[in-house]
Structure formats: C-alpha cells, structure tokens
Amino acid sequence: MLEIKNLHARIAEDGTEILRGIDLVVKPGEVHAIMGPNGSGKSTLSYILAGKDDYEVTEGDIVYNGQSLLELAPDERAAAGVFLAFQYPIEIPGVATMTFLKTALNAQRKARGEEELSTPEFMKRVKDKAGELQITMDMLKRPLNVGFSGGEKKRAEILQMALLQPSLCVLDETDSGLDIDALKVVSDGVNRLRGPDRSFVVITHYQRLLDHIVPDVVHVLSKGRIVKTGGPELALELEKNGYADFVDAAA
Amino acid sequence: MTIEPRTLETRAETDLAEAYYRDRDALPGGAAVAEIRKSAFDAFRKSGLPHRRVEEWKYSDLRARLKSVPAFAARRSDDEAKAAVAALDDVYGAADRYRLVIVDGHFHAGLSDVAALAAAGASVRPLAEALVEQGESLMQLPEIAAGDAATGLNAVFCADGLVLSLAEGASLDKPVEIVHALSAAAASTSERVIVTAAKGAKAIVLETFVGGAEGSFSNTLTDIRAGDEAEVTVARLQAEAAGTTHIGTAVVTLGAETKVKLIGAGIGSGFARHQSFIAFTGEGSRADLLGITMVRAGQHVDQTLVVDHAVPHCDSRELFKTVVGEGAKGIFQGKIIVRPHAQKTDGQMMTQSLLLSDDAEMSLKPELEIFADDVQCAHGATSGQIDEDLLFYLRSRGIPEAEARTLLVLAFLSEAVEEIGEEIVVEAFEERIRAWLDAGA
C-alpha cells in the first residue's frame, strides 16, 4: 500500500515550490488516475516517487508497504517494487537494450536476495513479453531507446515493467505521443499486468487513456494539491468542462 | 645579461648524459649509427629534457616529472626474462598468436616464436644484430617524428628491440604479440621495434607494455613501415605499473594503397605519453587511429598525434576517447597537416573525454594545418561528465549507482571499442576496461 502524507516538495536548485501538501492512499490492486493541467505538479510527483534528486521534500512522507521511500535510493526503490514509466524515456547510446534489461532484472533480483536468471530463462521471458507488445528482436539489439519512435519508446517502457514485475507502477503521461493503435497496444500491456497485488498511479492529461485503462479512483491535481477526488466519471466531466472549475477552486 | 648556451640542469638530465658517456661504446651499430646517436645526444645536450616551454610538450613536462633516471637495464638471462614475464598478466591469455618477448628493452629470441613466424612468412631479427649491418636505414624516421625529443632520446639509447619483416604478399595466419615486459627492478629501457610490411603483406601486431617498478623509465619506439597495398593493424595496450614513467612512440609510414589501423589503449603508468606520428608517402592510403585511455588517482596521460598528409588522395580517421577519474589528468593533442600538393585529402579527427570527478582534468588541443585547397578536414573535441538523467534512468530500474556508472563509462567507450574490429583485441581490451572500472567501484 502506498501512502503519501502531506507531501511538500520543491525544486532543489532554485527552491521553487511544486507540491504543496499531497495526501493520497493507493491500496493493492487499485488504479488511481491523476489528472491536472500543465504545471500542476504531476510529473514532479512521479519523479519524487522514483527518487530523482532534482527535488527536495520539505515536509511529509511517502510510505510504501510500511517503509518510507524517502530514505531509499532510486535503485532500492526499484527493488522494493516501484517502477516509473517515463514520459520521455531516455536514450542511452552504447548500452544494448537486451544488456540493459538483463542487468536491471538481475540487479533487482540480487537486491531481493533472489538468484540471477540464467540466460535462456531470461531470453524466454523477454521473447514472450516482447511479442505481446509487438517489439521485435531487432529493436532489442539496438542501443536502449536510440532511434526508437515515440510509440516504440513507450512500448519499451511497458516491456521493462512487464519484465521487472513491480508492485507499484507509476505511468507518467504514457499516452503522450501515441497514435490510437499504439495506445491500444500499450494499454493492453498495462491491463495484462493488473492484479490484486499490483497498484497503478496513472498520470495523464487526457480522458482517452482512461477509456483503455479504467481507473478505480480519479484525482485532480492543481497547483501542487489534490483538489478533487472521484470515480471514473470525474475524468469524463473534466474532458467536457476542462480544468477551469477546479483550478479556480484551488486558487 | 648574456645568454649562456643551456647546460644540463636537472639530476635526471645529468643521469642521462652520464649514461650516454658510460654506455656509448657498448651500444650496437656501426660508425653511421654511432654518428646518429651522437648527433641526437648533442641535440639533447642543447635542449635537455622536454618541458612546458616546448610547445609539443607543454602539458607533459618530462623535466619536472623525472627526478632521476635509473641506469639502462642490462640484458637478462633467458631464465630471468622468462620469470619476469611469468610474473606479469598475460593480457591475451589463451588466444592463439605468435609471441615475441622483449624484457627490459632486450629481445629474447629464445623465448619467442621466431621459427614458427619464419615458417609463416615473417622474419624476426634482434635489433642489436640488425643495427650492425643495416643500421643507418633502420634508424631513419620520417621528418615529423625525427625532431621529437623522445624519439631523439630513443635514438641515443636504443640498445635492442627487434625487426619484424613481412615479405611481399605475406599474410600471417595469426596475430603477432610483441610483449614489452619490465622486470620489477627500476631501470631505464629504450627499445625500438621495426615492423616492415612489403607490398601487399598483411599482419596484426599486438604490443603489450606491462610490468615495471616505482621509478622505471621506458622510452619505446615502434616504427611501422607499411609498403604499397599492405594492410597492418597494430594494437597497443599500455598497462605498466603505477610508478613508472612511460613514453611510447608509434611511427607509421604508409606507401600507396596501404591500410593501417593503429589502436592504443592506455591505462598504466603514473606518467604516460603515447605519441603517434603518421606519414603518408603514397596515394590512395588510409590510416585509422583509435585511442582508449583511462586514468585515475594521480595519473597523467598524454595522447599526442601528428598526421602528415604529404601526398594526395589519402584518408585519415582518428577517434580518441579518454576517461579521467579523480585526481588524474588527461591530455589530447592532435595535429593534421595537409601539405600543398595533398589534394583530395580526407581527414577527420574526434576526441571525446569523460570526466568522472570534479577534480579530474582534461586538456584538448586539436589542430589542423591545411595548405591544400581541395580537401575535407574536420575535427571535434568534447569534454563532459556522466549525464545525471541517464544515471537516474538506470537506477530507477534497480541498477545500483556504481554499476550504472560502469555501464555509462562502457557506453562512452563503446563507439571506439566497436571500431577495433579484431575480436582478440576487443575481448582483451574489454576485460581490461572492466577490471579498471571494478577497481574504482
């Protein structure tokens, strides 16, 4: 279970306050959507969950399965089950995608005291998951995300998620840059991972992603606070009326 | 104030002068060689060791580095030499190759695959012997290399080494490794290796520089004479002990339609300078130079190269990657000269460095001197740190910081490693690179 308690955070470099008291509880198996206008703090929240040190938490806490995530390094958080699907997946020239996947998977297994996967077993898992996401072996031989189209990058993120099997998946605008077909492939990939022990925080601007990944709870973030919480119908309401009502309410 | 002719000032310079006076009569070669040695020594007497006011040595002040110079090593017995080599890492391990062994500057035919090489089409002679018969031509260097302070000192003191000759059309079935081993006692060494590839000959030469002790001073020279249509790859791995001072010069002369690839990996020595002088003398040739350098903890490493396009229609490619760790200093100086008649020259030089710490230092000096008007030449130089966004991405997938940094350093070097093209070299270099990274993690 994820519990975000009165979370305040600012940009480390210049002190700009971004999050101004977020409270959020995500239970196992739940899918929470976080929507909000540009600059409301959505991406910042996702980065802080993953442990990016560009941000400074000034107040509050993030507790995951009884442990404060704030005390953990990004790799320790990953081993504890946290996964961030990046809005803009990073290109890493010189690191083959396959090498990266194997290094990441085995590093997490090692951190959890599990045995490393044998190469045949690893290859089998990759092939199965890659096939489901329409990722070719040729893509996996290329350097990580280098020369991938926008859709390929997002599918590669979901492949990582499917391989690493995290218990808390944070999706940061996974729908951005996707056409309808790619959106369906990515959403199907996410839906296959849904289960009673896995929670999702889905950050998005648009309702259309939530047609495919149907949330249990929808939150509206504005100016660093959650200003409204509701069911899936809240997303439809936002799509129709825009954020103006809630943004004004927060001001 | 009158300006006095410069006299030798430092202890190291005096040591070298004394070594010359002591050893000169015993150094191999006839009268012509002795004359070459004497004139090189006279030049040294006038200018002393190169220092920061000598432009080419501006960033690598050898005079300041050398507090003293130990005596030049005498030839070891084959047993001693064998033991010295056995005590050191075998870089290429089980890989199939011919091996030629130089210990403390002296060639040991008894420990080398001379007969097997002869059967394969290559002759090997000790330099000390060859200098007696054909010394003058063996000592000659192209103009761009002849005036250098280190090649000059090598001419004064080179007591041995070897001459590897490939006959016309010869093509070796296996690489030839030339081991330059230093024993554990501090000494000076100054061997010279000459590789001649006659028309159409093909060979892969692996030079490994290993061993040494605190205070060792090695000033080696490898002279590659690649004739018309020859294809020669030379991969040099410098991994001497931390306390050594190493100057390694590679001189390459290319004929017409010749291909040479010169690969250098430098991780050893407290103070190292790797010099490459490339002279094009025939049309339609190509030289590829690759440099992989990694230093840390007080090490100083200098990559200096001069590429001389003296004839038309030749291509040169240089890619140098340097990783500089905490408290270390890296230098890259690269000069491409295009002479007035060298039209249609295509020269591209790139040097990139990765600084792993705030107190890591890198100096970059790319130079183009172009006197012809129909050429394509470019150079690029970059210097940067590990990208924090890349690091975060890797860590967010569960890869611990040290391992993520290792991956990113390997990624930085990968472009140069991929260009090597010879599997035996790639494997050996990758193993060294990983060991270097593990040692710092």
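This is a predicted model: local features need pLDDT of at least 70, side-chain atom pairs count only at pLDDT 80 or more; totals for chains, interfaces and linings use all residues.

Trainee: OK, and how many helices and strands does chain B have?

Mentor: Chain B has eleven helices and 20 strands. Its radius of gyration is 21 Å, close to the 22 Å that the globule rule gives for 441 residues, so chain B is as compact as a globular protein of that length. Taken along the principal axes, the C-alpha atoms of chain B fill a box of roughly 70 × 55 × 50 Å, and buried residues make up 55% of the chain.

Trainee: What is the strand order in that open sheet of chain B?

Mentor: The open sheet has ten strands in chain B, in the order S2-S1-S5-S8-S10-S12-S14-S16-S18-S20, and the pairing is mixed. Strand S2 (106–107) and strand S20 (376–385) of chain B stand at the edges with a single partner strand each, so one side of each is left without a neighbour in the sheet.

Trainee: Can you show me one pair inside it? Which way do S16 and S18 of chain B run, parallel or antiparallel?

Mentor: Strand S16 (residues 315–324) and strand S18 (residues 346–355) of chain B run parallel and are joined by ten bridges. To find this pair on your screen, look for B:Val324, which stands opposite B:Leu355 in S18 of chain B.

Trainee: Now the domains. Where are they in chain B?

Mentor: The domain assignment of chain B gives domain 1 (11–282) and domain 2 (388–441). Taken over C-alpha atoms, the centres of these two domains of chain B are separated by 31 Å, and 13 residues of domain 1 are in contact with eight residues of domain 2.

Trainee: Which elements of domain 1 touch domain 2 in chain B?

Mentor: The elements of chain B that give two or more residues to that side of domain 1 are strand S8 (202–211), strand S10 (231–240) and strand S12 (259–266). The largest share, four residues, comes from S10 of chain B. By class, this side of domain 1 has twelve nonpolar residues, one polar residue and no charged residues.

Trainee: And the nonpolar core, how many residues does the largest one have?

Mentor: The largest nonpolar core has 215 residues, and those with the most contacts inside it are A:Val170, B:Val176 and B:Val252. Helix H10 (residues 401–420) of chain B gives the most to this core, with ten residues. Domain 1 and domain 2 of chain B both give residues to the core, so it lies between them.

Trainee: What is B:Val252 in contact with, if I skip its neighbours within four places in sequence?

Mentor: With those left aside, B:Val252 is in contact with B:Ile224, B:Ala226, B:Val260, B:Leu262, B:Ile278, B:Ala279 and B:Ala287.

Trainee: You mentioned a residue of chain A too. How many residues does each chain give to the contact between them?

Mentor: Chain B gives 18 residues to that contact and chain A gives 20 residues. On the side of chain B, helix H9 (388–396) and H10 are the elements that give two or more residues, and the largest share, eight residues, comes from H10 of chain B. The residues on this side of chain B divide into nine nonpolar, three polar and six charged.

Trainee: So what is chain A made of, in helices and strands?

Mentor: Chain A has ten helices and twelve strands. The radius of gyration of chain A is 18 Å, close to the 18 Å that the globule rule gives for 251 residues, so this chain is as compact as a globular protein of that length. Buried residues make up 41% of the residues in chain A.

Trainee: Is strand S10 of chain A buried or exposed?

Mentor: Six of the six residues of strand S10 (residues 199–204) of chain A are buried, so the strand is largely enclosed by the rest of the structure. A:Ser199, A:Val201 and A:Ile203 point one way from this strand, while A:Phe200, A:Val202 and A:Thr204 point the other way.

Trainee: Last one: which residues are the partners of A:Val201?

Mentor: The bridge partner of A:His32 in S10 of chain A is A:Val201, and A:Val170 also stands opposite A:Val201. Strand S3 (residues 31–35) of chain A pairs with S10 of chain A in the parallel sense over five bridges, and five bridges join strand S9 (residues 168–172) of chain A to S10 of chain A, again in parallel.

Methods. Residues are numbered from 1 along each chain as its sequence is written. Chains are lettered from A and ligands numbered from 1 in the order in which they are written. A nonpolar core is a set of buried Ala, Val, Leu, Ile, Met, Phe, Trp, Tyr and Cys residues joined through C-beta atoms within 7 Å. A residue is buried if 20 or more other C-beta atoms lie within 10 Å of its own, exposed if 12 or fewer, and partly exposed in between; C-beta atoms are placed from the backbone. Domain bounds come from an automatic or database domain assignment. Two residues are in contact if their C-beta atoms, placed from the backbone, lie within 7 Å. Ala, Val, Leu, Ile, Met, Phe, Trp, Tyr, Cys and Pro count as nonpolar, Asp, Glu, Lys and Arg as charged, and the others, Gly among them, as polar. The radius of gyration is taken over C-alpha atoms; the globule rule is 2.2 Å times the number of residues to the power 0.38. Two strands pair if DSSP finds at least two bridges between them.
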